[in-house]
Amino acid sequence: MTKLSFENDYIAGAHPAILKRLCETNLETLSGYGSDPYCESAKEKIRQACGCENADVYFLVGGTQTNAVVISTMLRDYEGVIAAQTGHVSVHEAGAIEFTSHKVLEIPQENGKILPSVLEEYLKNFYADKNHEHMVFPGMIYISHPTEYGTLYTKNELSEISNIAHTYQLPLFVDGARLGYGLMSYETDVTLAELAKLCDVFYIGGTKVGALCGEAVVFTKGNTPKHFMTSVKKRGALLAKGRLLGIQFDTLFSDNLYFKISRYAIAMAEELKQIFREAKIPFYLESPTNQQFVILENQQMEKLQEHVTFSFWENYDANHTVVRFATSWSTKEEDLCKLRTILNE
C-alpha cells in the first residue's frame, strides 16, 4: 500500500496549469537566461501584484541559492547577516551562507520570530562594544515569512523591524519560500503590497507553492546590486532555459493562481488541525499556515510511520518527538480522510 505523505509542500511535481503551459510553449524557440517574453510578462505581473511598478525582478533556480546569492551580493566583506537562531539560513541550509564567507549572526527567537526589542538590543550592544571593530559587523537582517515554524509576523512587527533596519541602515531581507501560505493565512494582517513596502528585498517562492522549481527575487527600493545577473550566474543560480521559470511564474500570477492554491493549502491545514484535535494529539505550536507541528510519543510515531510519511523536526524529550505535517496545492481531501481513519484506529 502506498503511504500517505505530508512530508513537505513539494512532494508533488507542479500544478497542472503550469504543466499545461509548459507543454503548450515547449517547441517555441526563445532566448535564454530570462530574456524571453514570458519572463518579462511574469515580472510585470509580479510588479503589479506587489504594487511596486519600479521593482527589479529576477528568477533564480531555488531557495538555498536565492538566499546565498542575495545575502552575499548585498553584504560587504566584513559583514554578516542577522537571523533568528531557528532561521532557515541558520539551521537548514548546510552552511550555504558561511560558504560565501559571510557569518550568520544568530539572535534569540520566539516561536521562530525575531522580536523587535531583541533585535534593537543586539544592535545597540554591538555598537556599544568598544571592540566591535574586531567583530563581524551586522550588515543585513534576515527573516522568513512564514518562519521555520510556520508562524507569521504581524504588520506591526514587520513595521517595527523595518524601522530598526532603516535606523541602522541595514537592508531587510524577507525569505518568502512559503510566502503564499503566509499571505493567504486566515490570521494574517499583511498583504503582498505591504510586505514589499516594508522590506528592501524579498523573494516569492515557487518551488514550495506549485512550481516545479524557481523563486522570484524582488528588489523594491532601486537597490539591486550592480551586475546582479552576473553574480547570479557566478554562483550557479542562473537557469539557461530561463523560459521555464518565466512561464511558471507567469502562470502563477495569472488569474490569482498563486493565491488560490495557497488558500487551498491553508484550508487543508485547518482540516488537518481538526483531525489532530479529534485524535487528542498535542500541538507543539498551532501554526496559522500550511505547516503543522505536533508532539508524538515515540512508539506512536513509529507505528504511524508505517502508514504515513511526515518530517522529523526535533526531539521534545526522551519519549516524545516534534514532527511536521505539511499541506499544499496537491493535498487531497481523501488523504485527510485516510489520515483521520488511521489516527482513530
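How are α2 and α10 oriented to each other? Before I get to that, a quick word on the model. It's a predicted one, where local features need pLDDT of at least 70, side-chain atom pairs count only at pLDDT 80 or more, and totals for chains, interfaces and linings use all residues. Residues are numbered from 1 along each chain as its sequence is written, and side-chain values use heavy atoms, with hydrogens and water left out.

Okay, the helices. The axes of α2 (residues 37-50) and α10 (residues 243-252) come within 8 Å and cross at roughly 40°. That makes the pair oblique, because angles under 35 degrees count as roughly parallel, over 145 as roughly antiparallel, 65 to 115 as roughly perpendicular, and the rest as oblique.

Who's touching whom? On the α2 side we have Y38, C39, S41, A42, K45 and I46, and α10 brings R243, G246, I247, F249 and D250; contact here means heavy atoms within 4.5 Å. Sorted by type, the residues of that contact are 6 nonpolar, 2 polar and 3 charged, with Gly counted among the polar ones.

Now over to S72, which is in helix α3, residues 63-74. S72 counts as buried, at 7% relative accessibility (buried is under 20%, exposed over 50%, partly exposed in between, with a 1.4 Å probe and protein chains only). If you skip the neighbours within four places in sequence, S72 is in contact with T100, H102 and R235. With R235 there's also a side-chain polar contact of 2.8 Å, that is, a pair of N or O atoms within 3.5 Å, one able to donate a hydrogen and the other to accept it.

How values were computed: Helix = DSSP H or I, 4+ residues; strand = E, 2+ residues; numbered from the N terminus. Axes fitted to C-alpha atoms, helices over the stretch in contact; angles between N-to-C directions.
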